[in-house]
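Have a look at the structure first.

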Amino acid sequence: MQMSFYSGTDVTIMFDAWTTRDGGMYALALMLVCAGSFLMMVMKHYLSVGATRLSLAVRAPLAFLFFNLSYAVMLVAMTYNVGLWFATMCGLTLGYVVTGMPTLAERQLRALLAAGAVGTLCLVLLLRADRTLRLPV
């Protein structure tokens, strides 16, 4: 088992059946890994934000899929193949950006709202300065 980063297109990914032997199969594997990492971040966001309205019978299987996908992404990253590592990181980053995880400005906005009257004045000033902020619900 490889224990340091390496590059190359001949990689076994999680199973012996998933082995890339040429550049085309490697490129397909990179796309699948990136898509899986992206899907993991979307599922994480959905389970943390939107799943409260769903019943436990729906949330439990989604959580099961999320945990399995999370460990699969970790195992792919542990192949120590440079291309697979970057495909994993690109998918995670893209998922983070697309799902709109709280930005620094939104966290500051929440802190100001919790501060009371002084926070209200600062909130008005912030909203005038940055029209892209969304009020937390």
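Ring pairs tie Phe5, Tyr80 and Trp85 into a cluster. Rings of Phe, Tyr and Trp (its six-membered ring) pair if their centres lie within 6.5 Å, with planes under 30 degrees apart called stacked, over 60 edge-to-face and the rest tilted. That rule gives a count of 3 aromatic pairs. One of them is Phe5 with Tyr80, an edge-to-face pair at 5.4 Å centre to centre and 85 degrees between the planes. This pair links distant parts of the chain: Phe5 sits in the segment before S1, Tyr80 in the loop between H2 and H3, and 75 residues separate them.

Before going on, some ground rules. This is a predicted model, in which local features need pLDDT of at least 70 and side-chain atom pairs count only at pLDDT 80 or more, while totals for chains, interfaces and linings use all residues. Residues are numbered from 1 along each chain as its sequence is written, and side-chain values use heavy atoms, leaving out hydrogens and water.

Now for the surface. Met14, Phe15, Phe67, Tyr71, Met74, Leu75 and Met78 make up a nonpolar patch with about 700 Å² of accessible area together. Patch members have over 30% relative accessible area and no salt bridge; like charges are joined within 9 Å, and nonpolar side chains (Val, Leu, Ile, Met, Phe, Trp, Tyr) within 5 Å. A salt bridge here is a side-chain nitrogen of Lys or Arg within 4 Å of a carboxyl oxygen of Asp or Glu. Areas come from the Shrake-Rupley method with a 1.4 Å probe, and for residues only the protein chains shown count as cover.

Met14 lies in the loop between strand S1 (11-12) and strand S2 (19-20). Met78 is in the loop between helix H2 (56-77) and helix H3 (82-98). Met78 and Ile13 are 65 residues apart in sequence, yet 9.5 Å apart in space, C-alpha to C-alpha.

| Residue | Relative accessible area | Class |
|---|---|---|
| Met14 | 33% | partly exposed |
| Met78 | 36% | partly exposed |
| Phe5 | 47% | partly exposed |
| Tyr80 | 22% | partly exposed |

Zooming out, the protein has 5 helices and 2 strands, where helices (H or I, at least four residues) and strands (E, at least two) are DSSP runs numbered from the N terminus. Buried residues make up 28% of the 137 residues.

Technical notes. Buried < 20%, exposed > 50% of the residue type's maximum accessible area, 1.4 Å probe, protein only.
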